Amino acid sequence: METDNQTWVREFILLGLSSDLYVQVFLFVLFLVMYLVTVLGNFLIVALICLDSRLHTPMYFFLTNLSLVDVSYATSIIPQMLVHLLAEHKAIPFVSCAAQLFFSLGWGGIEFVLLAVMAYDRYVAVCDPLRYSVIMHGGLCSRLAITSWVSGSLNSLIHTAITFQLPMCTNNYIDHISCEILAVVRLACVDTSSNEIIIMVSSIVLLMTPFCLVLLSYIQIISTILKIQSREGRKKAFHTCASHLAVVVLCYGMAIFTYIQPRSSPSILQAKLISLFYAVLTPMLNPMIYSVRNKEVKGAWQKLLGQLSGLTSKLAT
C-alpha cells in the first residue's frame, strides 16, 4: 500500500557491523561464545541463590531479577544478530522488528529501575543496618521488583506503538545491529523531530531519574562510611556496595553515553559499538562482577563445589 513516497514496509534489512564474510564468521563465533557465557553465568547465579539459604536476602532477591533481565535482554538481540551474521539476506520481518524493539527496550528499562532499587537496598543496609530486615521486608521487595518490571514494560510498549505507527519510506535499511528505536524512527517519511524529543525526554526520565536516585543513595552511603571510625568497618561497608557500584557504572555509563547526546555526536559505527558493548558485554560481565567481588557469593560457590566434590568422592567409592 503506497501513498506518494510513503509505504508500510513488510520487512527491514539490518546492515550490521560488517559485510566481509571472514569478519562475519569471526564475529559469529565471538558473539556465540559470549552469549553462551552470559546465559550460563547468569543462570548459575540464579541457581546458586536458590540453593544457598544464606543468600535468601533482599540483595540477592534483586540480583536474581537482574540476572533474569540480563539473560532476557541478551536473548532479545544476540540470537537474531547471530542468524544475520551467517545469512545472505539479512532481513527481519516488520512484526519481528517491532517485537525486538519492544523486548530490548523493555528489558533495558527494567534494568535501569532495578539498579536504582538495588541502590536503595544498599543504602538501607549501610545507613540503617539495625532496621534493615524491618524496612526491606518481603512485601516491599516484591513491590519494588514489580514496579521495575511494570515501568520498563509500559515505557517500551508506548514507544514501540508510537514508532511503528509511523509511515516508512521505501528505504527499509536499518544501519544498526538490531531494531534500535532511533534507527527505526529515522526511516519514517514524516518529520520525526517530535518523536525524537519524546525519546529524549523518556530517556531522561527512565535513565536519569533512577540514576539520580542511585547518586543520592551513594552520597548518603559514602557519607555514612566516612563517619565509621575503624578502618575494618569502613572496608566492610564499602565491600557491601562494591559489586553493585561496578554494575551501575557499566550499565548507566554506557546507556547514558548512547542515548543522552546530540544527534550528530557519535558516528554510526560508534553507535553500533556502544550498543554492542551494552547488549553483549555488560550482561556477561554482571555475574562475573558479583562472583569475583562478593565474599558471600564466593563463599556459596566454595560450599557448593565442596558438596559436589564430596558427592563425587562418595559415588567413586
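Contact here means heavy atoms within 4.5 Å. With that in hand, welcome to a set of close-up views of a predicted model.

View 1. Serine 148 belongs to helix α5, and its relative accessible area is 0%. Which residues does serine 148 touch once its neighbours within four places in sequence are left aside? They are Ile110, Val113, Leu114 and Val117. Look also for glutamate 111, whose C-alpha atom is 7.6 Å from that of serine 148, although 37 residues separate the two along the chain.

**View 2. Helix α5 runs from residue 138 to residue 163.** This helix has 26 residues. From first C-alpha to last, α5 reaches 38 Å, close to the 38 Å expected at 1.5 Å a residue. Its buried residues are Cys141, Ala145, Ser148, Gly152, Asn155, Ser156, His159, Thr160 and Thr163. What do these buried residues pack against? Their partners are the helices α2, α3, α6 (181–185) and α7 (193–227), together with strand β5 (168–169).

**View 3. Helix α3 is largely enclosed by the rest of the structure.** Residues 94–127 make up this helix of 34 residues. The distance from its first C-alpha to its last is 50 Å, close to the 50 Å expected at 1.5 Å a residue.

**View 4. Alanine 91 lies in strand β4.** The strand covers residues 91–93. Is alanine 91 buried or exposed? Its relative accessible area is 18%, and buried means under 20%, so alanine 91 counts as buried. Leaving aside neighbours within four places in sequence, alanine 91 is in contact with Glu11, Phe12, Ile13, Gln80 and His84.

View 5. Rolling a probe the size of a water molecule over the atoms shows where empty space is left. A search of the whole structure finds five cavities of 30 Å³ or more. The lining of the second largest cavity consists of Leu14, Leu15, Gly16, Leu17, Ser18, Met81, His84, Leu85, Lys90 and Ile177. By class, six of these lining residues are nonpolar, three are polar and one is charged. Which helix gives the largest share of the lining? That is α2 (residues 58–86), with three residues. His84 links this view with the previous one: it lines the cavity and is in contact with alanine 91.

**View 6. Two annotated transmembrane spans are shown end to end.** The unreviewed UniProt entry gives the annotation "transmembrane region" to residues 25–51, 58–78, 98–120, 197–219, 240–261 and 273–292. Residues 25–51 are 100% helix and 0% strand, with end C-alpha atoms 39 Å apart. Residues 197–219 are likewise 100% helix and 0% strand, and their end C-alpha atoms lie 31 Å apart.

**View 7. The whole protein gives the close-ups their setting.** There are 10 helices and six strands to explore. Of the 317 residues, 46% count as buried. Among contacts with a separation of 6 or more, 79% join residues 24 or more positions apart.

Conventions. Residues are numbered from 1 along each chain as its sequence is written. This is a predicted model: local features need pLDDT of at least 70, side-chain atom pairs count only at pLDDT 80 or more; totals for chains, interfaces and linings use all residues. Side-chain values use heavy atoms; hydrogens and water are left out. UniProt positions are given in the numbering used here, feature names are shortened, and annotations may be inferred rather than shown by experiment. Helices (H or I, at least four residues) and strands (E, at least two) are DSSP runs, numbered from the N terminus. On a 1 Å grid over the protein atoms alone, a cavity is a set of points where a 1.4 Å probe fits but cannot get out, and a pocket is an open set with protein on both sides within 12 Å along at least five of seven lines; lining residues have an atom within 4 Å of a point. Grid points are joined across faces, edges and corners, and a volume is the space filled by probe spheres set on the points. Ala, Val, Leu, Ile, Met, Phe, Trp, Tyr, Cys and Pro count as nonpolar, Asp, Glu, Lys and Arg as charged, and the others, Gly among them, as polar. The expected span of a helix is 1.5 Å times one less than its number of residues. Buried means under 20% relative accessible area, exposed over 50%, partly exposed in between (1.4 Å probe, protein chains only).
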